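These notebook entries record what I looked up in the structure shown below. They are kept in the order in which I made them.

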Amino acid sequence: MSSSARLEPGVFGIRKPVLLLPDGITGRLTSLQLEAVLAHELSHVRRRDNLTATFYMAVEAIFWFHPLLWWIRERLVEERERACDEEVLRVANDPRIYAEGILKVCRFYLESPLVCLSGVTGSNLKKRIEAIMANRHAARLSLSRRLLLAVAAIGAVAGPLAIGMLNAPTSRAQSQDAPRLEFDVASIKPFKPGSQPENRNIAASHGTLMLRQQTLRECIEWAYGLNEGSQLTGPAWLDSEQYDISARAPEAAGEDQLRLMLQALLAERFKLALHRKTEQLPVYSLVVAKGGPKLHEVQQQPAMGLNMGFDSGVMTYGMATNMPRLAALLPMFLDRPVLDRTNLTGVYEFTLRVEMDAEPRLPEPGQVFMGFGMTPSIFAAVAELGLKLAPEKGPVEIFVVDRIERPTEN
């Protein structure tokens, strides 16, 4: 079946799977490249990968709050793509032709945003291409080893169930000591601009969470870990009203637990209820320009802050950061989200120089900075780094606030 959408080749359905090919793919790939890509998709069908992914998504919908499922999602995509790659190479497909076919699909078609759709460009693309070119594949299991693996899998599931049934009273007593998803004490107070010196920050460590002069939008974004390209929609006062939130949990609570506790606190005090969806919306893709990146890689962690200056109509941002954080910074000069498509994984030290039409208007102390709006010179500034902002439509995760109320001061 063919489709006019710029969607990568993929297998849809479980009982009667259908292979969907985008229009024009035969003109973009050679016959050998197309044959290798189709072999990859047929491998997904034989392995029933869509059924496995659907089962995972049902479990994730029930236990969405468990961090282990987030890790399993990445492993699920990684392992299913690795297994299909190995199968394609095992049937004597040329590694170079196969790798070129995958890269052409990435170039001309959008990656599927759903884990339940079996495509060809999923997982860590750089690692996959390296493995394909090295022609690495796992050894096939003998019958005895398959039986041993099955016994081990049954034991892994049945063992904990049996122990739990035999020690049910003890397990219930121990569950009282498990980390709770709520703070021991929490205070929420509206902040009035001008009542205190500017001190807008978020600090989370050793079981203590402090959000100073933060809008409710910023609180929700931190609680749910909204990544670059995500959007949050809700009432206007999410951006106009600021709050001071102080909360304390057991000292052993890490940042991930503090985020979950803040989610529970927002639901309790603000009656927050939201849902998320993914839509194809106008975005800019941050990609590597012809000639390659002009960046200096450094062996250090990304810096949280940056050095900002303004002189002779040019605003400069000096930073040491990675590409996802740069992509999250750029929308302050644009009118749409930015998705990192560079495949650059390092930390880079550079200066972004943006020419401004007039002296930029920065927010008053304590006020929220909403960006400079559309600034055409940002495209030239990004080009100086050997990068490019390419307009297209891409998957954007949208968090929609269904309900929220102002809390009473406490």
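**Entry 1: Val 37 and helix 2**

I located Val 37 in helix 2 (residues 31–47); helices here are DSSP runs of H or I with at least four residues, strands are runs of E with at least two, and both are numbered from the N terminus. The model is predicted, so I note that local features need pLDDT of at least 70 and side-chain atom pairs count only at pLDDT 80 or more, while totals for chains, interfaces and linings use all residues. Residues are numbered from 1 along each chain as its sequence is written, and side-chain values use heavy atoms, with hydrogens and water left out.

I then looked up the accessibility of Val 37, which is buried at a relative accessible area of 1% (buried means under 20%, exposed over 50%, partly exposed in between, with a 1.4 Å probe and protein chains only). Val 37 and Gly 101 are 64 residues apart along the chain, yet I find their C-alpha atoms separated by 6.6 Å.

Helix 2 has 17 residues and reaches 24 Å from its first C-alpha to its last, close to the 24 Å expected at 1.5 Å a residue; the expected span is 1.5 Å times one less than the number of residues. Among the buried residues of helix 2 I list Leu 34, Ala 36, His 40 and His 44.

**Entry 2: positive phi**

I recorded as background that most residues other than glycine have a negative phi. Arg 48, which follows helix 2, has a positive phi near 55 degrees. Lys 271 is not a glycine either, and its phi is positive at about 55 degrees. I placed Lys 271 in the loop between helix 11 (255–269) and strand 9 (273–288); at 36% relative accessibility, Lys 271 is partly exposed. Ser 312 also has a positive phi, near 55 degrees, and lies in the loop between strand 11 and strand 12. With 71% relative accessibility, Ser 312 is exposed.

I traced an open sheet of 4 antiparallel strands in the order 10-14-12-11; two strands pair if DSSP finds at least two bridges between them. I counted 8 bridges between strand 12 (residues 314–321) and strand 14 (residues 347–355). Ala 320 stands opposite Glu 349 of strand 14.
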